[in-house]
Amino acid sequence: MNTSIRINLVNVLLVFFSLILISLAPLTAEAGFSDIFGSSEELTSLSAPLPAIALSGTLGASLMVGPDSADLLQSPVAALPFMKLTMQWKAGQTEAKSLLEISPRSMEAPITWEDLLREVSVRQYFSWGHLEAGLMIREWGKGEGVHVVDPLNSLDQRYGIVPDLNAMKIPTMMVSVNLQREASALELVYLPFFQPMKLALFGEWAVADPQFAALITGTTSVENTRTLSHGQFAARGRTTLGPADIGLVYYYGFQSQPGYEIAMGLLSLDPLVYGPTGIEAILYTRSQLFGLEGALVLGPFTLLWEGGFWLSEDTEGTDATRYNSKVAYLGGVEYMLPGTSVFTSVQWSGHYVLGFDGLQFPDVDALQAYDGKAYANMLIAAVEIPLLRERLNIRLAGMYQLESRGYALLPSIRWSLNDNLELELSSRIYGAAGASTPESIYQRWDGNDVLEIRMTHAF
Amino acid sequence: MIIHTRKPSRTQLATLILLLVGMAVGLSAAENQETGASVMEKVSLAQKAESLAMDIQMTLADGKSEDRVRRIQTLSLTEGDATKTITIFLTPASVKNTRFLTIARSNGNDDQWIFLPALGKVKRIAASERGGSFMGSDFTYADMASTTYATDEAAHTLLRTETYQGRLCHVIESIPLAAKDYGRTVTWIDTERYVVMQVEFYQKDKQILQKRLTAEDVRQAGNRWMAYKMTMTTLSSGHRTQIEILQAKFDLTLPAAYFTVAFLETGRI
């Protein structure tokens with residue numbers, strides 16, 4: 001990683017977009033019911049026209065420290081600026097939007113254009129709904145960040161787990177048609193090619209054993225997912241029934257995690273030492289997802305649920321390179337403490353692989369399973385405590401893997417210096433409750449704890 | 001997301017509208033042999049509007065640090081037993097374009113959704129807690145409940161008539177019939193315009209004054225008298241919140257499409 005080059009690139013981009021900001025600043029404006037109240041600028045200048053372009057976003061600086069418990073002064077530091085810039089154009093029934101993001105996370109090499117351009121889309125409104133096309137991130141499902149019926153964007157897991165799970169999604173090209181009628185909506189989506197998840201095979205955020213990752217060599221073929229044959233289709237219908245919002249989801253595409261064609265052979269002259277000698281191919285499993293989602297308000301509680309059945313192309317579960325069918329589920333509850341603005345959320349998410357009995361390495365389902373189990377479950381909890389009239393916000397969040405006992409803790413404290421300037425101290429702490437065997441991913445990341453101080457200006 | 005749980009507010013915004021109208025609006029009326037209940041009934045009548053649009057600026061001040069300003073626009077439409085309210089947050093930037101949709105029904109089965117622009121997602125949420133602060137201000141949902149003017153929800157007593165800010169006012173003590181966050185309120189109501197000029201909120205012991213709401217800039221809007229500025233002060237901390245009504249429009253024709261989840265998602269009708 002060449003830090004000087006990265007910082008120079010950031011500087012150039014910051015100057016460039018600062019100039020854009022300055023040049024377009026008079027065009028920015030607030031939204032609102034301008035047809036009823038007029039443009040908000042009219043309050044101070046009655047002649048101000050309704051703007052065509054709106055700019056918004058955040059910029060600031062981040063200092064990240066990876067604490068070295070042996071010698072704190074030797075702790076590695078990354079100090080970088082960051083910026084998010086959203087530009088929206090509105091002209092009649094047409095809207096266009098772009099979201100540029102430069103953040104410390106995405107400045108890690110190798111940079112892809114999806115790391116910088118988080119959205120470039122155009123939307124046309126009709127009397128029946130709207131048509132939208134472009135590079136987009138969309139969230140399906142009623143869960144808080146974690147979903148099991150959210151197949152449109154794969155996750156970028158090259159840098160561990162970040163507090164904003166939506167920020168881990170990889171923007172993907174898609175076309176969607178949204179039909180809306182009263183309290184119901186139907187969304188139809190076509191994705192022209194498949195964007196699989198991004199994983200770190202080596203380095204501090206590696207998700208695989210280094211010995212396994214070493215099997216991937218220059219001779220390993222990787223399935224080209226940017227072909228028409230990798231097009232996907234998805235549909236989601238939603239409606240409101242009394243105190244509940246419910247929805248159905250269908251997706252015809254791929255499971256986002258890679259499968260492996262692993263060559264097995266003798267590892268030495270000893271005929272008993274038999275194992276993987278290489279990975280011949282990385283490929284993806286075509287699957288269909290049949291899902292449902294819902295949210296139900298019961299007094300001060302909001303109950304959330306999602307359920308999905310992934311029907312794999314490997315219906316018999318006999319192809320070691322393809323993932324089996326599986327059931328995925330999520331349930332949760334949100335609650336605000338009476339008399340306060342303290343918000344709590346608890347969710348339970350998991351999956352169960354069908355036809356798992358008897359599977360063993362090198363079947364990919366056995367490879368991905370923890371400790372030979374067909375299932376995996378995770379608890380996710382978050383508490384947010386606003387204090388001092390929302391000037392100070394304390395957030396405690398975490399994930400706990402029930403089988404491996406691995407955990408990720410994501411605490412943070414945000415202090416609003418004024419309405420648009422915020423100072424945040426946050427941390428990411430990984431580990432396992434006790435020494436789990438085999439090692440969980442979070443335990444593998446145990447040495448990757450991060451402390452971050454961030455100052456953010458919103459505009 | 002799990003981890004990004006902050007909501008700008010979960011306050012029942014429909015009630016905010018009722019509060020603002022209740023505080024701000026009054027109709028001219030002759031002073032007869034009034035009782036506490038009859039005065040409150042007249043104030044309640046003055047609140048009635050089939051539809052309402054308000055552009056509001058809220059300023060939070062603690063006297064030490066920089067004032068914080070929140071700007072919201074809200075539309076309200078009453079159809080049958082349901083009052084639908086859509087609210088857009090305009091400032092600060094951190095909550096800009098957050099939208100709330102509330103459908104408040106007379107039977108208490110309220111529905112509420114929030115659109116979070118950062119996620120591009122609509123979430124269904126439970127009706128807010130009455131004690132929660134509205135956007136960090138001195139106004140709470142409980143404040144609104146305890147300033148109710150319905151004669152069947154509180155015992156109203158006309159304490160006296162006196163001059164307040166140059167206007168002759170009825171002074172009404174209201175004691176909620178059901179347990180509320182406040183033991184009692186005392187309200188100053190203009191005897192001619194039926195505009196609420198001041199409210200004192202007492203703690204549950206009915207003795208200790210906790211907050212004071214004062215009205216200013218009373219002007220006529222059409223056939224209604226209205227206070228365009230209101231300030232709520234928490235006496236223990238000195239923190240205060242001023243609400244300034246930048247625009248208010250009554251009984252205008254509002255398209256029903258505003259009050260839908262589809263509008264919440266797109267901001268378009």
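Predicted model: local features only at pLDDT ≥ 70, side-chain atom pairs only at ≥ 80, totals over all residues.
Buried means under 20% relative accessible area, exposed means over 50%, and partly exposed is what lies in between, using a 1.4 Å probe and protein chains only.

Residues are numbered from 1 along each chain as its sequence is written, chains are lettered from A and ligands numbered from 1 in the order in which they are written, and side-chain values use heavy atoms, leaving out hydrogens and water.

**Rings**

Rings of Phe, Tyr and Trp (for Trp, the six-membered ring) pair if their centres lie within 6.5 Å; planes under 30 degrees apart are stacked, over 60 edge-to-face, and the rest tilted. That gives 17 aromatic pairs over all chains. Take Phe126(A) and Trp128(A): their ring centres are 4.6 Å apart and their planes sit at 5 degrees, so they are stacked. Trp128(A) is partly exposed too, at 37%. Over in chain B, Tyr258(B) and Phe263(B) have centres 5.1 Å apart and planes at 85 degrees, so this pair is edge-to-face. Here Tyr258(B) is buried, at 4%, and Phe263(B) is buried at 3%. Back in chain A, one aromatic cluster takes in Trp205(A), Tyr430(A), Tyr442(A) and Trp445(A).

| Charged residue | Ring | Distance from ring centre |
|---|---|---|
| Arg193(B) | Trp225(B) | 3.7 Å |
| Arg224(B) | Phe250(B) | 4.3 Å |

**Cores**

A nonpolar core is a set of buried Ala, Val, Leu, Ile, Met, Phe, Trp, Tyr and Cys residues joined through side-chain atoms within 4.5 Å. The largest has 47 residues, and those touching the most other members include Met54(B), Trp188(B) and Leu213(B). Its top contributor is strand S13 (residues 224–234) of chain B, with six residues. Another core, of 43 residues, lies apart from it; among its members are Ala200(A), Tyr251(A), Tyr430(A) and Tyr442(A). Those last two tyrosines, Tyr430(A) and Tyr442(A), also belong to the aromatic cluster.

**Chain A overall**

Chain A has six helices and 24 strands, counted as DSSP runs numbered from the N terminus (helices H or I, at least four residues; strands E, at least two). Of its 459 residues, 50% are buried.

Notes
Lys NZ or Arg CZ within 6 Å of the ring centre and 35° of its normal.
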